[in-house]
Amino acid sequence: MTPLLPKRMIEVEIDGTPVRVFEGQTLLDACRKVGVDTPTLCYGDTLEPKNACRVCVVEVEGARVLAPSCSRKAEAGMKVRTDSDRVRHSRRMVMELLTSSVDLSTTPDAAGYAERYDARPDRYGPAAAPNPDRDRLRAGHHVEPDGDTAATVASALKDDNELYVRDYGKCILCYKCVDACGSQHQNTFAISIAGRGFDARISTEHAIELPESACVYCGNCIQVCPTGALMFRSEHEHRAAGTWDEAAQTVTKTICPYCGVGCNVELHVQHNEIVKVTSPADHDVTRGNLCIKGRFGFQHVQRR
Amino acid sequence: MFGAGGGTSSYEEIEHTDVVLLWGSNARNAHPIFFHHLLKGVHNGARLYVVDPRRTESAAWADGWLGLDVGSDVALSHTMAREIIAAGLHNETFVRRATSGFDEYRAHVEPFTLEEGERITGVPAAMIREAAHAFAKADRAMICWTLGITEHHNGVDNVLSLINLGLLCGHVGRYGSGLNPLRGQNNVQGGGDMGAIPNKLSGFQDIESDHEARGRFEAAWDTTIRPTHGWHLTQMFHAMETGELRTLYVIGENPAQSEADINRTRRLLADLDFMVVQDLFLTRTAELADVVLPGSASWCETEGTVTNSERRVQRVRKALDPPGDARDDMWILAEIARRLGHDWGHPTSEQVWDELRSLSPMHAGMRYDRLEALGGIQWPCPDEHHPGSPILHERLWLDPVEGMLAPFSPTVDQRPFEALDDTYPIRLTTGRRLESYNTGAQTGRYSSPLHRGESLDLSPEDATSLGVVDGEVVRVSSRRGAVEAPVRVDEALRAGLAFMTFHFPDEVDVNQLTIDATDPRSGTAEFKACAIRVDRINVLAATGD
Amino acid sequence: MDLTLTDAPPSEAERDAVDRVLGPPASGWDGGARDSTVDSRIAHGGHHARGRRHELLPALWAVQERAGFISPGALGYICRRLTVPPAEAYGVATFYALLSCEPRPPRVVHVCEDLACRCAGSQDLIAQLEEQVGPEGTLTADGAATWFRSPCLGQCDRAPAAMLTVAGDPATEDVLAPTSAGAVLAVLRGGRAPAPPGVAIPQQGDPSLRLLRRVGIVDPASLDDYRAAGGYQALRNAVSLGPEGVVREVKDARLMGRGGAAFPTGVKWEAVARQSARPHYLICNADESEPGTFKDRAIIEGDPYALVEAMTIAGYATGSEHGFIYLRGEYPAAHHALHHAIAEARSRGLLGADVMGEGFAFDLEIRKGAGAYICGEETAIFNSIEGLRGEPRNKPPFPVTHGVFAKPTAINNVETLVNVLEILSRGGPGYAETGTEASTGTKLFCLSGHVERPGTYEVPFGATLRDLLDLAGGVAGGRPLQTILLGGAAGGFVRPDELDLPLTMEGARAANATLGSGVIMAFDDTVDLPRLLMRIAAFFRSESCGQCVPCRVGTVRQQEAVARLLSGRTRGGVDGELALIAELGQVMRDASICGLGQTASSAIESAITRLGVFSGGAR
């Protein structure tokens with residue numbers, strides 16, 4: 001290993017419980033160390049914390065505003081509250097704001113968080129009709145609402161290639177796919193955030209379809225997507241047909257059959273059919289990543 | 001390298017190195033996840049130099065791209081070495097303490113001035129100088145290569161010339177400094193580890209000279225092992241030609257489409273007395289076989305291990321039942337043994353592995369449960385408490401050096417076997433694309449927007465001078481055969497250089513063109529260089545040719 | 001970088017526009033003609049090529065100004081020139097309101113629909129445009145022009161305002177203020193913009209002025225006049241004090257930042273100066289976009305050399321050799337004045353490798369914003385300068401250690417910087433004699449809305465709201481005052497009975513108000529306050545960058561709630577809506593990443609709690 005200075009331990013207090021963590025670790029690490037279950041949505045362990053969703057906020061004594069626990073580094077002597085009224089309020093509101101504007105039906109944990117914090121997303125009114133021009137909305141301009149309905153990010157399914165589909169009506173804009181496609185993993189930069197504010201969306205340049213774009217179908221965006229907005233075609237079709245059955249699936253870790261890098265793949269198998277391929281986030285070789293062959297090139301064992 | 005064949009570094013190290021020399025490798029497409037690690041290094045500030053005749057997707061990331069003539073790698077390496085020595089930038093202490101043969105090496109590279117290097121390789125002298133100085137001055141530097149180095153008739157010399165460069169600057173055997181071949185297939189390293197090469201027993205123990213090791217294998221297997229090197233692939237085909245080899249058992253390989261000069265290969269396979277093919281598919285090779293044994297996919301229908309390019313042995317596991325009458329490969333082998341009169345029973349993969357561990361010291365500590373717990377283990381791992389070896393040859397930095405000194409190897413600058421001439425004026429080089437793999441037996445069975453079939457990639461200059469346009473189907477001929485393929489104009493190529501893959505042999509049989517000029521030591525053919533001509537089809541038709 | 005670009009080629013004009021700002025391409029690999037001998041052998045696509053990312057916004061601007069919009073071919077060419085992935089460049093271009101990736105005619109009028117202009121009839125103006133041309137974005141009959149609504153253009157002292165942009169070579173940008181429907185229609189039909197209004201401040205010539213003393217008096221284009229009026233004496237004093245001496249004077253002066261956060265400037269400079277990482281950067285935040293704010297424009301247009309000199313001193317003190325002025329895109333006259341001043345100063349050796357022959361280097365570069373309020377947030381400025389989307393960063397780390405290009409950065413507002421000239425003329429302690437103990441020096445205020453003489457005013461800290469209102473001649477037409485918006489859209493409303501509020505940092509804080517950027521916008525009894533709140537809600541909904549959930553969705557839900565209060569179709573009654581607004585306010589305040597979200601509800605909430613709007617308290 002590269003010679004590193006030994007890390008110092010520092011002590012912080014989580015809800016009155018002292019806990020020692022390494023310098024550089026986050027408040028989320030500290031919370032987890034003392035067993036405080038902290039909700040997260042945009043946090044991904046292979047990516048730099050983006051702290052965009054703000055569902056993980058905690059109250060640091062003496063600070064004017066709440067701190068995102070996923071990214072705030074622990075400092076010696078910090079006193080942290082994870083269940084104060086302010087924290088509960090922010091978590092509830094974040095879940096309300098997301099649930100009322102995004103289809104979270106395939107976001108694991110979302111319903112649980114909403115229930116835990118007593119979110120009442122229906123109080124913002126019925127969902128507004130989808131905006132068909134969402135891909136081209138101009139920054140700084142919007143149609144004035146009448147308040148009778150609640151705006152959402154609903155948009156048409158993007159179904160433009162054989163391998164995966166994109167349903168941005170389910171997107172919480174956590175930036176993880178952009179970071180994974182970009183400088184943190186794949187460095188292909190096929191997608192970015194376009195537009196601004198509530199109209200911000202994940203987009204290729206000029207919203208061109210993926211086959212025209214730089215996309216190399218590594219699927220590393222699917223791997224990090226916390227909402228199911230990005231989905232294997234096989235999973236999408238099984239779900240549409242009502243045959244998606246996670247209880248009947250096995251997940252087997254093995255090695256990709258192609259080049260000599262030795263990428264770890266996890267085969268999700270339902271009734272002897274590979275329905276999805278993931279990669280372990282905690283393995284040094286891949287860190288959750290694969291290329292198109294490892295992610296999608298498994299058909300040869302199914303069609304012979 | 002210097003004994004056992006494997007890269008000296010771990011992938012993670014390239015994230016913390018200062019200079020990367022990527023030579024004859026389009027890792028961006030051929031080893032995408034390794035390239036992730038490389039780009040982490042680049043984002044951490046490492047400078048990247050890419051040596052490749054084409055400005056590949058990998059080269060596009062480079063601080064410097066050196067677009068050398070195909071097959072001038074040794075000359076380029078010599079020129080860099082000469083410049084490094086002339087500028088006094090080599091690591092004198094390391095060279096003195098850990099290597100042998102430096103004086104001969106220095107004399108050998110002396111004629112390769114920057115000007116001479118530019119003349120031979122085509123790369124401007126200033127660019128060669130920049131790369132040489134960057135590599136030599138770096139605190140940490142790595143050389144990584146792939147088939148662009150090895151698929152030449154002098155591939156071994158190419159490799160040795162890169163090792164020489166590493167030794168010259170002390171860029172081996174330290175964290176962040178190393179010499180790393182990137183393996184082309186998921187278990188090409190493991191095949192070598194296991195002894196599936198003509199001169200070694202498992203664990204790179206020499207079958208001729210390591211009597212002690214051979215004795216252990218003989219005792220364990222209760223048989224005598226002939227202490228002679230076997231044939232490598234090229235020698236096998238030669239033996240078929242001379243009639244010495246009449247029977248062939250092919251497991252999971254498709255030589256009828258993957259070999260250079262494919263017409264000759266097919267003739268030889270067809271002329272065999274008896275051929276068994278064990279494969280997932282009824283490949284072109286299987287079509288020529290007398291017996292076809294439907295095997296299983298080693299990566300998801302059986303249990304076992306593979307070894308990757310950082311020498312990490314990892315477990316493969318069964319996730320699916322093989323279809324129909326397909327059988328586990330090990331079951332097939334054991335059954336054949338039984339029917340030949342040797343009852344091995346039906347051992348589990350772990351039992352086979354444990355036998356291997358008992359015979360191969362470098363694998364001895366790799367229990368299945370440890371492979372599982374540690375996410376794979378890098379050899380050598382001599383005992384069950386050993387964590388594995390992320391870095392090879394750290395011994396070269398001990399004072400005094402432990403074991404033998406690392407030798408500089410004299411290497412010869414040679415041109416590709418087949419020179420260009422007026423009849424065949426274009427250099428064809430071959431390689432891979434991101435979405436496909438080898439002959440497409442596997443990758444031809446999924447589809448994606450990246451699959452666009454075979455093409456003859458030409459420089460804009462050649463397309464203009466030939467009067468062909470993107471998408472136009474042309475006739476591509478070499479002295480050995482001819483194929484038809486659509487043209488794809490690619491700015492990554494220069495005048496006189498063309499590129500094809502062999503991913504779509506059913507549509508375009510590119511290996512009809514390639515030449516089987518092989519390196520006598522490695523047995524690898526010169527897929528990277530043959531001479532072709534390109535003709536417009538409608539013009540041929542018009543002239544009644 | 002292995003870019004994948006579409007085949008769309010740039011037009012000759014687009015290529016020319018980009019090359020003029022970036023220089024000619026170095027090789028066939030970055031957009032030049034392919035040289036078959038050199039380009040086929042070598043290429044440099046690494047760190048150096050990717051290091052040009054920060055030129056993205058200037059390149060996008062070049063195309064926008066030449067062609068009126070950024071076509072796929074132009075975007076692709078920029079990406080090739082700068083080694084930027086096209087999806088990212090598109091993400092950046094679509095972040096800014098003044099850039100368009102959709103076809104637009106060359107001639108566009110941006111009509112202010114914000115708070116002060118409403119007091120001056122902008123709603124009628126817009127209604128007439130809608131009637132005669134069509135809704136915003138509609139092409140005129142000849143297809144060559146269109147109009148859009150715009151947030152505050154920073155011309156509140158001469159409302160109503162509009163800005164005409166005409167793409168071409170050269171492109172022109174003109175502010176029309178005050179303007180009228182007729183004038184806007186005339187320029188939409190191709191008419192020339194009227195001559196720009198000159199720089200004028202109501203207190204012009206008042207001997208008590210300090211920061212504004214040269215504005216309107218000294219020719220802003222003439223370096224000699226600036227020098228004759230005392231210019232560059234402060235820099236001489238600074239050099240004789242040395243960098244540490246300058247920092248000491250600024251600390252002794254107890255100068256606090258005028259951008260809204262009121263951070264001690266000397267402390268900031270000292271922290272940057274002490275960083276061992278190099279280089280250091282200095283940034284002037286001139287992205288004056290808070291609705292109702294126009295004071296920095298008065299300085300830049302009226303006394304540009306003052307900013308250049310002050311930044312030179314700041315660069316000297318903080319060890320920065322390179323300074324950026326991030327100027328909002330809607331200030332063409334300020335841009336022109338500053339550009340000229342920088343060029344003059346450079347030609348006289350007052351900027352460059354050896355400033356005044358004193359052996360230190362400093363130079364300045366203007367970066368033009370492109371229509372994004374959020375880019376007034378300091379870390380958003382860093383991202384914008386670096387060629388990224390202007391999204392705020394998380395803090396920590398703070399700018400003094402990790403600012404622009406992740407280097408130590410001092411970032412100060414225009415007004416803060418020009419105060420340094422005063423400090424170096426009077427000495428730190430002498431400067432601190434003006435104002436109050438906690439708020440030293442003078443302060444600029446932007447008076448607009450229903451006041452008799454709108455404009456930029458300078459008073460010593462300690463003056464009351466009433467003093468300022470009196471200076472501006474009181475409520476226009478002598479009508480009754482309904483309320484004052486103090487501090488801008490991110491500030492709050494105060495009642496007519498609170499006019500004795502001392503306008504100091506501590507006085508505002510004690511009154512649970514904020515001076516913000518110095519906005520004092522008065523509204524008489526005719527103003528429809530709920531509609532005004534709707535506009536404020538719309539402003540934040542439009543200007544949220546979209547990064548964090550509380551602000552991205554919270555600003556929308558807040559606007560919807562205000563809309564229901566306006567329509568009367570409330571959910572859970574008025575009290576229910578007010579409670580909802582309070583809850584939204586709290587999550588935005590507590591959990592948003594940056595100050596935009598944290599203050600997006602403050603004006604609306606203050607109107608509810610302080611004025612009792614919607615509960616029968618106001619009107």
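## Cysteines

A disulfide is a pair of cysteine sulfur atoms within 2.5 Å. This is a predicted model, in which local features need pLDDT of at least 70, side-chain atom pairs count only at pLDDT 80 or more, and totals for chains, interfaces and linings use all residues. Residues are numbered from 1 along each chain as its sequence is written, chains are lettered from A and ligands numbered from 1 in the order in which they are written, and side-chain values use heavy atoms, with hydrogens and water left out.

By the disulfide rule, the count over all chains is zero. For Cys375(C), the closest cysteine sulfur is that of Cys545(C), at 9.3 Å, which is too far for a bond. Cys375(C) is buried, with a relative accessible area of 1% (buried is under 20%, exposed over 50%, partly exposed in between; 1.4 Å probe, protein chains only). The sulfur of Cys177(A) lies 6.2 Å from its closest cysteine sulfur, in Cys171(A), again too far for a bond. Cys177(A) is also buried, at 9%.

## Interface of chains A and B

The contact (heavy atoms within 4.5 Å) involves 55 residues of chain A and 60 residues of chain B. Between them, the two chains bury about 4500 Å², 60% of it on carbon and sulfur atoms; buried area is the accessible area (1.4 Å probe) that two parts lose on being put together, summed over both.

One salt bridge is found across this interface (a side-chain nitrogen of Lys or Arg within 4 Å of a carboxyl oxygen of Asp or Glu). Glu15(B) and Arg287(A) form a salt bridge through their side chains, at 2.6 Å from N to O.
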